[in-house]
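I opened the notebook for this protein today. The plan is to look up the overall form first and then a couple of positions.

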Amino acid sequence: MRFHSTESYVAPADLVVAVNAAVALERPLLVKGEPGTGKTELARQVAQALGLPMLEWNVKSTTKAQQGLYEYDAVSRLRDSQLGDPRVSDVRNYLRKGKLWQAFEAEGRVVLLIDEVDKADIEFPNDLLQELDRMEFHVYETGETIRAKQRPIVIITSNNEKELPDAFLRRCFFHYIKFPDAETLAAIVRVHFPGIKEALLATALTRFYEIRETPGLKKKPSTSEVLDWLKLLLAEDLPPEDLKSDGTHLLPKLHGALLKNEQDVHLFERLAFMARRPR
């Protein structure tokens with residue numbers, strides 16, 4: 001059971017090694033990288049390449065670790081008891097299984113994605129240490145212990161918004177997805193737009209990397225954003241010549257797909273103004 005690039009996902013060699021190492025070690029794979037570099041999509045592609053079902057736990061700022069295990073709906077049980085509902089005799093009717101419980105009780109191996117773990121409270125990763133390490137947890141309401149029938153492949157993503165605890169990091173295999181170089185990005189684009197003309201692709205990527213490398217840029221455009229931009233360029237049927245910068249028109253065509261805040265738009269406007277000033 002080994003991961004590799006798929007027809008719809010170009011995985012760099014170091015990422016392939018990281019995924020297969022985490023699977024062999026049976027440790028969670030912690031993936032960091034810029035937003036939009038394909039961290040979430042990686043889990044979907046791992047599931048597809050290995051022929052496994054996938055469970056996705058999207059972490060928010062209000063998410064608690066307990067929700068990944070189960071939640072006990074005491075309010076509904078109290079209401080049902082007042083109405084004389086016979087279901088109240090079995091507490092299991094009021095336990096809502098979380099994604100970890102679902103992964104643990106699955107008959108076959110699954111891929112479990114814990115997406116954007118750094119959005120939650122700093123204690124969130126620590127609260128999952130034992131469950132991810134031992135692959136079991138205790139249900140206090142029933143007194144039973146839930147153990148994984150098959151150890152899931154756990155992929156955890158982080159946008160590096162906050163530092164994760166050392167104890168949590170020790171239990172993971174870590175990989176940082178670097179922003180792709182021009183050759184890799186071109187391969188990614190060809191997967192999404194197989195009919196794109198090479199002249200347009202070369203000019204667009206040259207322009208894109210110029211924008212990414214502009215000093216003072218607050219938010220660098222990501223892989224997903226360059227794909228959106230190219231989709232628009234193809235829809236508008238723009239020729240490569242329209243994408244080139246002449247020094248005075250520094251904002252790219254359809255720049256709203258690439259620049260996502262007013263500070264960066266103003267940066268390019270100021271650079272264009274400075275370029276037009278007589279020397």
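**Overall form**

I looked up burial first: 44% of the 279 residues of the protein count as buried. The model is predicted, and I kept that in mind throughout.

I then went to the secondary structure. The protein has twelve helices and nine strands.

Next I checked the dimensions. The C-alpha trace spans about 80 × 45 × 35 Å along the principal axes of the protein. The radius of gyration is 24 Å, whereas a compact globule of 279 residues would have one near 19 Å.

I also looked at contacts along the chain. Taking contacts in the protein with a separation of 6 or more, I found that 73% are accounted for by residues 24 or more positions apart.

**Surface and charge**

I noted an accessible surface of about 15,100 Å² for the protein. Carbon and sulfur atoms hold 50% of that surface.

How many positive and negative side chains does the protein have? I wrote down 39 positive and 42 negative. The centres of the two sets lie 1 Å apart.

**Confidence**

I looked up the pLDDT next. Its mean over the protein is 89, and 95% of the residues reach 70 or more.

Where in the protein is confidence lowest, and where is it highest? The lowest is in helix α12, residues 262-276, at a mean of 76. The highest is in strand β5, residues 111-115, at 97.

**Gln102**

I moved on to helix α5, where Gln102 is found.

I then listed its contacts. With neighbours within four places in sequence left aside, Gln102 is in contact with Leu55 and Lys97. I also checked Val59, which is 43 residues from Gln102 in sequence. In space the two are 16 Å apart, C-alpha to C-alpha.

**Ala106**

Why does Ala106 count as buried? Its relative accessible area is 15%, and buried means under 20%, so Ala106 falls in that class.

I compared its position with that of Ala65. Ala106 and Ala65 are 41 residues apart in sequence, and their C-alpha atoms are 20 Å apart in space.

Terms used: Residues numbered from 1 in each chain as written. Heavy atoms only, no water. Helix = DSSP H or I, 4+ residues; strand = E, 2+ residues; numbered from the N terminus. Rg over C-alpha atoms; globule rule 2.2 N^0.38 Å. Buried < 20%, exposed > 50% of the residue type's maximum accessible area, 1.4 Å probe, protein only. Contact = heavy atoms within 4.5 Å. Areas by Shrake-Rupley, 256 points an atom, 1.4 Å probe, with all protein chains shown as cover. Lys, Arg positive; Asp, Glu negative; His and termini not counted. Charge placed at Lys NZ, Arg CZ, Asp CG, Glu CD. pLDDT = per-residue confidence, 0-100.
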